Amino acid sequence: PIMQTTLTVRLSDNEAQALDAICASTGKSRSEVVRDSLRAYRLREALRASQAQLGAAARASGWLTEEDILQDVS
């Protein structure tokens, strides 16, 4: 069974209005929008971490631009 947790979040009036506008335009509930936002945030952070790690390795290999990469793999 999937465990569920209830979370209370305090939003400013502007944030609550923005959330409600997103819900109205997407047809999603507040909970769905917040869960989607959390998943998107986690993905962005994972991509940032990968980019930092891979970027250092790419620079060490002499890849400074996309053209450098394309030249090596072509």
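The questions and answers below concern a predicted model and the terms used to describe its parts.

Local features are taken at pLDDT of at least 70, side-chain atom pairs at pLDDT 80 or more, and totals for chains, interfaces and linings from all residues. Residues are numbered from 1 along each chain as its sequence is written, and side-chain values use heavy atoms, without hydrogens and water.

Q: How do you know that the span of helix H1 agrees with its 14 residues?
A: Helices are DSSP runs of H or I with at least four residues, numbered from the N terminus. The expected span is 1.5 Å times one less than the number of residues. For residues 13-26 this should give 20 Å, and the end C-alpha atoms of H1 are 20 Å apart, so the two agree.

Q: Why are the buried residues of H1 said to line one face of the helix?
A: Buried means under 20% relative accessible area, exposed over 50%, and partly exposed in between, with a 1.4 Å probe and protein chains only. Ala16, Leu19 and Cys23 are buried in H1. Seen down the axis, the buried residues fall within an arc of 65 degrees, so they line one face; the arc is that of the directions from the helix axis to the C-beta atoms. These buried residues pack against helix H2 (30-60), where contact means heavy atoms within 4.5 Å. On the other side of H1, Asp13, Asn14, Gln17, Ala24 and Ser25 are exposed.

Q: Why is Val9 called exposed?
A: Val9 has a relative accessible area of 51%, and the limit for exposed is over 50%; Val9 is therefore exposed.

Q: What makes Arg30 and Asp20 a salt bridge?
A: A salt bridge is a side-chain nitrogen of Lys or Arg within 4 Å of a carboxyl oxygen of Asp or Glu. In this pair the closest N and O atoms are 2.8 Å apart. Arg30 lies in helix H2 and Asp20 in helix H1, so the pair ties together parts that are 10 residues apart in sequence.

Q: Why does Asp20 count as partly exposed?
A: Asp20 has 38% relative accessibility, which lies between the limits for buried and exposed. Asp20 therefore counts as partly exposed.

Q: How do you know that Asp36 and Arg39 are separated by about one helical turn?
A: Asp36 and Arg39 are three residues apart in helix H2, hence the separation of about one turn. An α-helix has 3.6 residues a turn, so residues three or four places apart point the same way. Asp36 and Arg39 also form a salt bridge, with the closest N and O atoms 2.5 Å apart.

Terms used: Helix = DSSP H or I, 4+ residues; strand = E, 2+ residues; numbered from the N terminus.
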